[in-house]
Amino acid sequence: MGALAHYLETERVATTQISLIREHTATIQPPRALWVPFELGRPLGVPGDAALQRKVLVKTLELLEAPAGPLLLDWSEPYGPAGDQDASTPSVWACPITFSRPPEDQSELDRLIAACRSEVTELRPWYDLGLKTSGRTAVVRFEPEAAFDLLSQYAVKGEVAAESYDGPFAVALRLAAQDIKAFYFEAVASRPGGSPPDSAAFNRWIWHETALGQLLKAVKERCLSETDEALRQTGALLLVPLEQA
Amino acid sequence: MARLDQMAESMRAHLAHLPCPTFADHPWVEGPPLSQRRVALISTAGLHRRGDRPFEGLSGDYRVIPGDIEAGDLVMTHLSTNFDRTGFQQDWNVMFPLDRLRELVREGFIGSVAAYHYSFMGATDPAAMESSARNLAGLLHGDRVDAALLVPV
């Protein structure tokens with residue numbers, strides 16, 4: 001990000017930026033930057049908190065009126081609900097949906113796939129409700145069932161045709177994984193009377209309590225056994241977060 | 001919280017080893033008062049229009065996002081699985097603060113919002129983005145942009 005600012009400023013475009021990783025910005029020294037202490041993926045702070053987002057924007061834009069630089073300003077104000085700023089505080093959220101589980105007389109992978117299929121089926125009405133309410137989804141290419149089919153078929157027998165995407169198969173796998181996780185979040189976030197899980201609670205749920213998390217780890221392992229470099233890279237880095245590997 | 005010293009070791013090591021160039025010079029461009037500036041958003045979140053090409057790799061390419069885009073038409077295909085996406089799912093402004101910029105125009109805090117915004121795939125080696133960035137500068141000048149607001153992910 002800082003390098004982009006440097007290149008643009010060299011081409012006579014004034015820049016200002018938000019910084020999420022202070023160490024990187026301090027090394028690159030772009031012209032103007034506001035370091036914020038927010039989670040990766042949330043450079044403006046807290047979803048739905050327009051006042052906080054506005055304050056971040058105003059502070060970042062005001063750097064354009066400074067007389068000289070490079071400038072790296074630190075965000076120093078409290079933000080968000082109490083507890084959000086302490087990464088060690090465990091978030092409390094429990095998914096209210098109890099999934100049905102398949103019978104025991106199947107192989108481990110078959111049981112996993114059957115369990116994941118049940119999850120997708122049981123979450124679908126909540127996802128549909130959320131989409132109807134908000135009119136917006138982060139699902140990009142793969143409808144939930146298509147994402148599930150691609151991931152589960154690959155886990156069983158390797159590369160298969162990806163009807164929703166005609167690019168490289170490794171990219172199709174990644175997009176399917178991203179889309180099905182987006183589907184899971186939007187489904188649980190849309191249930192009536194509850195609030196969406198925070199990111200830590202959602203990750204804990206996906207990776208430790210759902211069959212999807214286990215299926216994605218199985219897909220990762222299969223990718224790592226491939227000779228195709230793109231699939232190996234996808235398995236190594238792009239399906240399961242480093243913190244969950 | 002995005003502090004390297006507070007992250008799990010696997011994540012800290014990953015981020016600490018991302019390419020991080022240094023530059024001998026420090027360019028600095030002056031401009032008009034904020035109330036007269038035209039602002040473009042430049043994201044590295046791998047954002048694009050719903051029908052546009054997904055990001056497939058680390059080639060330094062970017063996507064054009066029309067200034068009149070609405071939240072439902074903006075999606076993300078960033079490669080990394082190591083940052084939160086649920087904030088963006090709930091409120092696009094947490095990553096692409098176009099509504100907030102539009103409000104700042106109505107308040108007179110900034111002059112206008114650009115006709116086009118742009119998104120790269122973050123984590124790309126900056127050297128691979130240099131030529132795209134220099135081309136992008138020409139597009140920004142053409143749109144009379146005098147403030148590029150860069151937003152990481």
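Which are the buried residues of helix α7 (residues 199–209) of chain A? This question is taken up in the legend on helix α7(A) below. The model is predicted: local features need pLDDT of at least 70, side-chain atom pairs count only at pLDDT 80 or more, and totals for chains, interfaces and linings use all residues. Residues are numbered from 1 along each chain as its sequence is written, chains are lettered from A and ligands numbered from 1 in the order in which they are written, and side-chain values use heavy atoms, with hydrogens and water left out.

**View 1. Chain A as a whole, with 9 helices and 3 strands.** Helices (H or I, at least four residues) and strands (E, at least two) are DSSP runs, numbered from the N terminus. Read from that end, the elements of chain A follow the order α-β-α-β-α-β-α-α-α-α-α-α. The C-alpha trace of chain A spans about 70 × 45 × 35 Å along its principal axes. Of the 245 residues in chain A, 54% are buried, where buried means under 20% relative accessible area, exposed over 50% and partly exposed in between (1.4 Å probe, protein chains only). Counting contacts (heavy atoms within 4.5 Å) in chain A between residues at least 6 apart in sequence, 59% join residues at least 24 apart.

**View 2. Helix α7(A) and its buried residues.** The buried residues of α7(A) are Ser199(A), Ala201(A), Phe202(A), Trp205(A), Ile206(A) and Trp207(A). An α-helix has 3.6 residues a turn, so residues three or four places apart point the same way. The cover over the buried residues of α7(A) includes α4 (108–134), α6 (169–189) and α8 (211–224) of chain A, together with α2 of chain B.

**View 3. Strand β1(A) between its two pairing partners, β2(A) and β7(B).** Two strands pair if DSSP finds at least two bridges between them. Strands β1(A) and β2(A) run parallel and are joined by 3 bridges, and Gln17(A) has Ala33(A) as its bridge partner in β2(A). Strand β1 (residues 15–19) of chain A also pairs with β7(B) in the parallel sense, over 3 bridges, and here Thr15(A) has Ala148(B) as its bridge partner. In a regular strand the side chains alternate between the two faces of the sheet. From strand β2 (residues 32–35) of chain A, Arg32(A) and Leu34(A) point one way while Ala33(A) and Trp35(A) point the other way, and all are buried.

**View 4. The interface of chain B and chain A, to which chain B gives 82 residues and chain A 86 residues.** The area buried between the two chains is about 7,500 Å², and carbon and sulfur atoms give 65% of it; buried area is the accessible area (1.4 Å probe) that two parts lose on being put together, summed over both. On the side of chain B, Trp28(B), Val29(B) and Leu150(B) lose the most area to chain A, together 11% of what that side buries. The rule finds 3 salt bridges across the interface, a salt bridge being a side-chain nitrogen of Lys or Arg within 4 Å of a carboxyl oxygen of Asp or Glu. Arg42(A) forms a salt bridge with Asp84(B), their closest N and O atoms lying 2.6 Å apart.

**View 5. Asp143(B) in the loop between α4 and β7 of chain B.** Asp143(B) counts as buried, at 9% relative accessibility. Leaving aside residues up to four places away in sequence, Asp143(B) touches Arg38(B), Ala114(B), Ala115(B) and Tyr116(B).
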